[in-house]
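This text leads through one protein structure, from a single residue to the whole chain and then to its surface. Please keep the sequence and the model in view while reading.

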Amino acid sequence: MPDISLTVVAVLCLASLAAGWIDAVVGGGGLLLLPALLLGLPSGTPAVYALGTNKAVAIVGTTGAAVTYARKAPVDVRLAVRIGVAALAGSTAGAFVAAGLSTEVLKPVVMVVLVGVGTFVILKPAFGTAPSTAPVSPRRVLAAIGLAGLGIGFYDGLIGPGTGTFLVLALTALLHLDLVTASATAKIVNCCTNAGALATFAWKGTVHWQLAALMAVFNLVGGTVGARTALKKGSGFVRVVLLTVVFALVANLAYQQWIA
């Protein structure tokens, strides 16, 4: 356990609870959890410890949300795992590229994409409100594996913020899913990418396991409750949370790019 006060531990646990809820509903819980860890860990702690501890916490909440969704939502688990394996490969490649590429160049591009996505969702109220009755073609399945798996997985390894949100949007658009089912599928994909990332951080010894175990309990509760809330409230509720997270991502990236 790092040398931090009980007050800071309590704040981190509450942040973990809220992040689990947000992540389960529509993705983007890392927007809250990672900055909280960066601020809460002792001064001078390498950022990689925050990243490793974040993954150890997040994988528990994501798994809890995925199980909750899989039990009550019409999720194609086999397809989700296929996309997840592709995302694992993509995130590994992205991590290697990140070592030699300045992500500051890409952040403005990501912001423009997010603003475009948010505008699209606002102007298309029916987007993701109900699944399409038309069968999904093999080409769309391959596109989902390529874009939502390899593409967004690569982005996760390269930059990271908003990966779950991008997954929800891509799965909704490509596979004609409603937002609740897309969120459920995204959680299974996230389990795959989180497992690969956590294995890497654990191998490097950059995880505060005791702190992660405590925070993970709160993250699991938040993730499970978030999944149940999304299932109960439906796609309209998820759409509101989605828009909130999208524009929070834009603000977060803009702050990092031009202010921090």
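Alanine 89 is partly exposed, because its relative accessible area is 42%; partly exposed lies between buried, under 20% relative accessible area, and exposed, over 50%, with a 1.4 Å probe and protein chains only. Alanine 89 sits in helix H4, residues 77–98. Threonine 193 is 104 residues away from alanine 89 in sequence, yet their C-alpha atoms are 8.5 Å apart in space.

The model is predicted: local features need pLDDT of at least 70, side-chain atom pairs count only at pLDDT 80 or more, and totals for chains, interfaces and linings use all residues. Residues are numbered from 1 along each chain as its sequence is written, and side-chain values use heavy atoms, with hydrogens and water left out.

The protein chain holds 10 helices and zero strands. Helices (H or I, at least four residues) and strands (E, at least two) are DSSP runs, numbered from the N terminus. Of the 260 residues in the protein chain, 50% are buried. Among contacts with a separation of 6 or more, 83% join residues 24 or more positions apart, where contact means heavy atoms within 4.5 Å.

Two packed helices are described by the angle between their axes and the distance between the axes. The axes of H1 and helix H8 (residues 179–204) come within 7 Å and cross at roughly 115°; axes are lines fitted to C-alpha atoms, for helices over the stretch in contact, and angles run from 0 to 180 degrees between N-to-C directions. On the H1 side the contact is made by Asp23, Ala24, Val25 and Val26, and on the H8 side by Ser183, Lys187 and Asn190. These residues divide into three nonpolar, two polar and two charged, with Ala, Val, Leu, Ile, Met, Phe, Trp, Tyr, Cys and Pro counted as nonpolar, Asp, Glu, Lys and Arg as charged, and the others, Gly among them, as polar.

Valine 225 is found in helix H9. Valine 225 is partly exposed, since its relative accessible area is 41%.
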